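Please open the model in your viewer and keep the selection panel at hand. The tour below goes from one selection to the next.

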Amino acid sequence: MQMTHERSSRRRRPWRWLFLFAGVAWLNVNLLPSGRAEGNVAEIKFTLWGSPFEKQALEEAVKSFNATHPNIHVTAQHTAYEAYGEKISAMLASGNPPDIAYLDYAQAFPFADAGKLLDLAPYFAKQPADKSLLESAYYHFDHGKKVLGTGLATGIILLYYNKDLFDKAGVPYPPSKAEQAWTWDQFVQVAKKLTKDKNGNDATSSKFDPDNIVTYGLSLPQDWWGYLTFIYSNKGGMVNEDGTEPLINKPEAVEVLQKLRDAIFIDHIAPRPTQNKTLPSADILMQTGKIAMTFNGMWRVIDFSQLHIKWGIGALPYFKEPLTIVLSVPKVIFSATKYPDQTFEFYQYISDPKRVALFKEGLWAPLEKSYFTDPALMKEWLDGKPGVYPPESRDVIVDYSLHHAAPPPPQYWLRNIDRIMNEAITPAMDQLWSGKIDAQAAADQAAEKMKPLLQGRW
Amino acid sequence: MHHTAPYEQRLARTKTKFLVSRERREMIWGLTCVAPALAGFLFWQVGPILGSLVIAFTDWTVANTPHWIGLSNFQRMLFADPLFYKSLSVTGIYAATGVFLNLSFALALALLLSQKIFGLTFFRTIFYLPSTVPAIASSVLWLWLFNPEFGLFNSILTGLGLPKQQWIYDENSVLASLILMNLWSVGPLMVIFLAGLQTIPKYLYDAVAVDGGNAWHKFRFVTLPLLTPTILFNLILSIIDTFQVFTQPYVMTQGGPNNASLLYVLYLYRKAFQEYDMGYASALAWVLFLIIALISFVVLQTSRRWVFYVGGSE
Amino acid sequence: MKSAAALGRSQVRAASRIDWLSTLITYSLCGLGSFLMLLPLFWLVRSSVMTLDQIFRFPPEWIPAPFAWQNYPEALTTVPFLLYLKNTVFILVQTVLGTLITATLAAYGFSRLRWPGRDLIFNILLTTLMLPYAITLIPTFLLWAHLGLVNTTWPLVLPRWCGGGIFYIFLLRQFFRTIPRELDEAAILDGANPLQVLWHVVVPLSRPALITVAIFSALGAWNDFLGPLMYLNESSKYTLALGLAEFTGLYSSQWHLLMAASTVVIIPVVLLFFFAQRYFIEGIALTGTKG
C-alpha cells in the first residue's frame, strides 16, 4: 500500500521538484548516531521528563555512567511531561520503546500486564541483602508475584511551614516527632492563629474578616495524596483491599473530607485547593507570606531550600494515628530491551545516592533501607549539601518513611485507577472544594460512580 | 468593459476551435498543479485516517495485540458512557457560542482596522499579537490572570468594588472564561477577514457613495455580500477549530471542575494517551468527525444561497 | 432664506463633523481594544522581568521593583537558545517556501482549472481537517517510523512540500475564486499557459492571501510543539517551542524564565507581522484598478 503511493507520487512529480527534494533531503536526513552500535557496546535509551534541574542532574549521571562503563552507552532523552504519553505510546507502537523509562503508574500497569515491561523481581532477588530497599519502593503486580519497577525515589508527604510567620504570631513550631504530632483539631487552632485578614486580625478573633484574608494558615494540595493521607490516618481508605468496594463514603473517610472542607469554608484557614493546582507553587506562596503551612511532597525540599525565608518541616497532623503516604513515579525497563542486564545496571546506578546529585539536593529520598538506618549513610544523604535538608529531617523524613508509612495507596495496586480518579473521584472532589455540597454527598457520588469502574487489583 | 463585443466573439471562436484540446490541456495542467498536494494527501492523510478507522473497531491499547471487536466501541459510547454525552454537550455549547463570538469579534476588528487611520500598522500588530504567544506561555499567563486569590482580574474587580469571580474554577463560569480567553487570540481570523476586505474593489464603494449611501449601506450592500466567501471560510474553519479545542483546557482545567469543561477532544485525549484505550478513542474521533462533517456539509449546502463569488461559482 | 452656497457649506461642515466623530469613535475603539489585548501581554512581559516571588505578590505589582533583568541571560543560557533558534529557522524556511509554492499550485488547480472530479476530490481533502490530530498521531508516527525517518526533520517538512496542509489550500482557493475569471480568459487568449496565468494574473492579485499564508505557516512552524516533540529525539535537534517546555516541570516550574524566553520567542513574530502586514493595504490598490 504505502510503497505504491510512494512510487505513484514520484512518477507524477515534475523533475524540477526532484532536484529541490534532493537538496532538502541532504539537509534533512540526520541519521541516528550509528557509530557506537558496532562492536559490543550496548546502546541503551533512557526517556524521562522533569524540570531543567532534574534533567541536568540525570544527564550528568548518564555521562559519568558512560565514562565508567565503556561497554554500555546510555542516551538520555528528555521529553516534556505534557506530551510524554504520546511520545511513549508512539515509540511502543512502532516497536521501538526505550530501554528504561519514567512511566506514569496508570500506564505502567497495563503495559506490564501486556508483557511490555520486564519483571524485575529476579533482578532484585539477586541483589545483596545490605542493598535491600524499603518495601514501599516496589510496584508489584500479578498479585505480588512480579515487580514492574520501583519508584524513582522515596517520596513522602510532610508538613512545610514558614518560621517567620509562626514567630510573628507567637505560636510554637509544629513538632517533628510522630509521637508529638498535633491532632487535626489542634492543628486547625494553630492555623487559625496564623490566618490574618487585612486588618491584622487572626481567624480566632471575632472581628476577623474572612473576605479579605491576607495570609492563610494553610494551603491544601489538590492532588489525591492531599486528602488520602488523612483518610489513612483516620483508618479509612478509598477502596477495600480487594479493590471491589468503595470505602470513600464510609464514616472514616467522610469525617476527614468534611474536616478538610470545613478548613476552607468554616475555619477560613485555607484557600480552595482547586486554585493552586499549578500556580503559584506552595514554596512561592510561602515566601510571599501568603500561606504559613502546606502539606506537600518531600521532593519539594529542593525548592524550599532555595527560598530566602526561614522554613521548616514537621510531622503531619493526624486523626487516629500519625502516618504519611509514600509515593513515587515508577521507573521501568521495557521487555523489548536487547540488554536487560546492562539496563538494570544503569537502573541501579540512577537509584544510587552516591551517583545522582538529586538525593542530597532534596528532590529524591533514597530507596535503599540502609540510608534510613545507617547513620553514616544518612549523613551522606542529608548533610551532603549543607543548607538543603533542615535538621528535623531525621525525624520527619527518616522516621516517618521507616515507621509511619501508610499502606500503599491504590495507585500502587488498583486496576482502572485512571478512570476511577478521572470519572469518579475528581469530579466529586471538585464539587466538595467548591463548597456546593458536603462531604457525605460528594463521597456518595464518588462511590456510586466508582462501583461500575472497580475491577479488583493488579 | 469597453471591448465587450470583440472579446465575446474572440472567445466564442477560440472555444469552438480548441474546445477538445483545451479541455484536455486544462485537465493535465490541473492535475499537475494539485499533484504534490494529492500525493501528500494520499501519503500522510489517507493511510493514517484509514488506520484510525480500523483501530476504532478493535480493542487496541498500544501495548496489546489488537482484536477485532466490531461495533462494541460505538455501542459502549452510545449506550454506556455518560461522559460521552457530557463532553458532547459541553463541546456543543462551547462551539456554538465560541464560533459566533469569535467571528463577530474578528469581523468587527477587521472592519475597524480597514479604516484609513493613522497608526494602523500598530493597531493591527497589537490585535494580532496575542495569537503569536506560544500556547504553553499563554495558558500559564491566563491561569495567573484567572486565579481567584492572586489574579489580575479579581484584583481589578475588587478595585472597582465588584465581587470576586471564580473564573475557570467554577462549574458555571469555566466555559465562559475559556471562550473569553479565546476571543483574545482571534488574530488569525481577523487577518483572513482583512485580506478578504482588501479584495473588494474600491469602485463599488464609490458607487454607493455616488448614490448617496452611508457607511451602513456600504457595509450592508458591498462589504457583507462580497465578504461572504471569506465569512464562509472562517465559519467552516472556526467550526472545525472550536470542536477540536484542546490545548488550553488540557493545561488549565483538565476538564474540571466536575467535568464542566470536559471538551470532546480532551476526553478523547484522555482515552487515547492516559488510559491507552486507542480503540475507543478512535471511535470517539470518528463520531466527532461525522458530527463536524455533517455540520460543515449543512453550512456548505446553505452557503450556495448566501455566498457570492465575483469570479463565478465555478 | 439661506443661500445655496451657505447650504453647501453647512453640509460640508456637517459631513466633516461626522468624519471627525467617526474618527474619534474609531480611535477610541482601537484604543480600548488595544488596551484589552495588551493587558495579558503586558502581564507576560512584566512577569519576565520579575523574580518568582515578585510575580505572585498580592496585590499584584504592575511595575516590577526592582527589575529582574537577569531573567533574560538566565533563560537564554538554561536552554541552548541559539542552537534551537537555528533548528527552528531551518524548519520554518522550508515550511514557508514549501507551503507557498505547493499550496498555491494546488489551490489554483482546485479553483481556476476545470477537470473532472475536481470539487469532489477537494471536498474529500477538506474533510481531513475534521479528524482530530490526536487520533491520526500514532498511525502517522508509525508511517514515518516504518520509513526510518524518525529523528530527522523530514516528517516536519516533507508534508509542507506536498501541499502544505489542506487549510492553506482551502484559504487560497477561497481567495482565488474572488478574482474575476475574465482576467484568466484574457491572458489565455494572449497565449499564456495556466502557469503563466497563475504567476502573472492570480498571484499578483492574491498578495494579501499569500502573505497571510506565509505568516500563518511561519507562525505554525515557529510555535509547533507536538510535531518536533514526536519526531525529534536528540536535544541537539530541538526547536524553540520544545525549549520553552523545558522550563515547566511536573511539580515546580521556572515561570519567570518561561516568560522571559517566551517574550524573546514572540519578538521575531511580531516584527514579521509588523512589516508583512502593509501588503494587506497594498491589496486595495491592485484590485481597485480593475473595473
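Two strands are said to pair if DSSP finds at least two bridges between them, and helices (H or I, at least four residues) and strands (E, at least two) are DSSP runs numbered from the N terminus. This is a predicted model, in which local features need pLDDT of at least 70 and side-chain atom pairs count only at pLDDT 80 or more, while totals for chains, interfaces and linings use all residues. Residues are numbered from 1 along each chain as its sequence is written, with chains lettered from A and ligands numbered from 1 in the order in which they are written.

Widening the selection shows an open, mixed sheet of five strands in the order β7-β8-β9-β6-β10 (chain A), whose edge strands, β7 (196–197) and β10 (311–314) of chain A, each pair on one side only.

Turn next to the contact between chains A and C, where two residues count as in contact if their C-beta atoms, placed from the backbone, lie within 7 Å. Chain A contributes 36 residues and chain C 35 residues, and on the side of chain A that touches chain C, α4(A) gives the most, with five residues.

Finally, colour chain C by pLDDT, the predictor's confidence in each residue, from 0 to 100. Helix α4 (residues 81–111) of chain C has the highest mean among the elements of that chain (93), and helix α15 (residues 278–289) of chain C the lowest (49).
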